[in-house]
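Open the model in your viewer and keep the selection panel at hand.

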Amino acid sequence: MRRQLLALGGAGLLLSVSIIATQAQQLAAPTTPPDPTPFAAQGTPTFVSTKDIFEFKALPEYHEPDWVTKQFVATGKLPPVKDRLPKEPMVYKTANMADGIGAYGDVMRHVIGGRPEGWNYTAGQSQGWGGIDIGLSECLTRTGPLFEIKADELEPLPNLAKSWDWSADGHQLTMHHIEGAKWSDGVAFNADDVMFYWDDNINDPNVKPLNSKGADSFGVGTTLKKINDYTVQWTFKEAFPKQYLYTMAYGGFCPGPSHLLKPQHPKYSKNTYDQYKNAFPPDFLNIPVMGAWVPVEYRSDDIIVMRRNPYYWKVDEKGNQLPYLNELEYKLSTWADRDVQAVAGTGDFSNLEQAESYVEALKHSADPAAPARLAFGARTIGYALLPNLSGNGWGEPDARGKAVRELNRNLDFRKALTYAIDRQHLGDSLVKGPFTAIYPGGLYAGTAYYDKASTVFYPYSLDSAKAELKKVGLVDTDGDGIVNFPKDTPGVGGQNVEITMLDNADYQTDKSLGEGVIAAMQAIGLRVIPNTVSGIKMTAAQDSGKWDWQILRQQSEVISVVQNTSSLAPVGPQTSWQHRAGTDKTVDLLPFEKQMVDVVNKFIASQDPAERVDLMKQWQKINTENVNNIGLTQYPGALIVNKRFANIPAGAPVFMFNWAEDNIIRERVFVPQDKQSKFELHPGTLPGAPGKGNGPISD
Ligand code: GLA
Ligand code: CA
């Protein structure tokens, strides 16, 4: 860390030599960040091509668990497996499976801190996270497993879209969907599901699908039309914007069952948008899915049980219909309990991501007799403090809120915030040791597009922070330790500055970092009032814009860059985390944001790897120099999986393009016969009819 003692300039010196003598300040100058301590990830992937993982083709014969044949097919309750599969199912290649062809049976017991709002993810409801939605929904493309794709072949994996082709001019993309696949209730999946998702959800301003960043995350002016039951065609303003194939993966384009959803949508019913969103509460069971497991039981604050989807459209090379695991369980507890239970063996899976529990988890897992294996990945978990940059009314701020937004939009103010944070100390307060690294903001160190020389780091300096505050006219005029708004600030002139900070209540790390930020800001005379919101309310709170600052556990845009790229700048009215359209529907971009938008749009349009690298250097420079997001800390996560499971790919990261629940390809995971547990809660059952209070059926 380089520090400079800056001499104060002429006029001040003349005015008041004595004050300067007593208040000599140690001002810090921006520099580049220190190199993070090396941290070796455990396990490296075997890098492969997409075609090494799977292909779509018909096989001579298909199989299913014996009990399904006996209880359901032989009794006429289900058509034979070959008739439940599409013409050409997705076939996973044995050579790419860590332990090969699997055995049927058993359950993966998850523990989560989230709670389901309901099953209508299409209208924005969360299912409680922890990979429930990842297990039940399928998307046009898939990105989780990309961690093992060769770098020069990186492109989203086909999924519901089994292939696509570009027109010669690159403005049209024709997508071919899997043909003859069915929802878990046996109803055909086709282009109507896709068009309903696009027309009546993504493009309906009153609806925001879960994790969606709006229509503009597919490019401004993009259109989609149905060609036939299994073909749709995209038209883009840009040529070859291959980037949007990433937006078509988890979080961007995972269509819901239109045969259930459409009749509830306000356009086709008398429902309000609220009624539409809430039409499928958690106790509505057996919701039709394209994913491998269907929710069949829900007990509030207790458990969600999911059973195998008898219509799942993926198989192994022997023609065994997937998934191998009959059941997924989701115990509704806390995120910290997920770590504890996975380590203890009463749960089967955890993304170890709350740094506070690392030492304890490591200690227990080191025992050779420990029930679970724990493998650390790269530093891809990180947090930033985001100032709300809307000056034209996103979230309808009152006078105080407006005054804070004006401060947020002032670079000197943002510099004060970043100078005030002692990142070394903040990281150490979570966990001591080699885990956390100083994170100035922008892209994470150690990722493909990161460039240290383009990263501007404002090192910890309270004096610098206070000097920046003074520049924006913030001084403590009444001597109570909190700086006051300047007298002429509309509505709040002369009052103490108070700032609200949105923070997730469900994670210890989010709360610890929140407390760290509050203390840091207190030291420079800013009063920060935390608004800790439970996970179930978090997305809505973030989207509402009703916050001055928020603590954000960041997503893959700052790791992979190629995923969620449009979140790297406000390229559309809804794409940014921290700056969305105001009351007049426009985004009042600051000059540096205009530059970022320009760079991000160029990145999306570019096919030239060297140019893209250069563009991301520019983005990193603009982002960090202008303190767009205030980095807090960055550290590795560890994947904990019970030792009885097989086919966990080597080097599967806790988080990269997506969370580990996607990365490990759970539909291929199995438990060898001799290790199978008796933990299934509903053995011998399959999902029953969709409806409130319905459950699984056994014969
Ligand atoms: C939550 C958890 C993550 C991961 C995701 C999956 O966010 O904190 O570890 O399980 O859910 O959606
Ligand atoms: Ca004061």
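Select Glu353 and ligand 1: an N or O atom in the Glu353 side chain is 2.6 Å from an oxygen atom of ligand 1, a polar contact (a pair of N or O atoms within 3.5 Å; within protein, one must be able to donate a hydrogen and the other to accept it, and residues adjacent in sequence count only if both atoms are side-chain atoms). The protein buries 96% of the 310 Å² that ligand 1 exposes when taken alone (accessible areas by the Shrake-Rupley method with a 1.4 Å probe).

This is a predicted model, in which local features need pLDDT of at least 70 and side-chain atom pairs pLDDT 80 or more, while totals for chains, interfaces and linings use all residues. Residues are numbered from 1 along each chain as its sequence is written, chains are lettered from A and ligands numbered from 1 in the order written, and side-chain values use heavy atoms, without hydrogens and water.

Now colour by domain, with bounds from an automatic or database assignment: domain 1 is 50-357 + 638-675 and domain 2 is 381-635. The contact (heavy atoms within 4.5 Å) takes 30 residues from domain 1 and 37 residues from domain 2.

About 2800 Å² is buried between the two domains, 55% of it from carbon and sulfur atoms (accessible area, 1.4 Å probe, lost on being put together, summed over both parts). Select Lys213, Gln243 and Glu356: in domain 1 they lose the most area to domain 2, together 25% of what that side buries.

Finish with Asp543 and Lys208, a salt bridge with its closest N and O atoms 3.0 Å apart (a Lys or Arg side-chain nitrogen within 4 Å of an Asp or Glu carboxyl oxygen).
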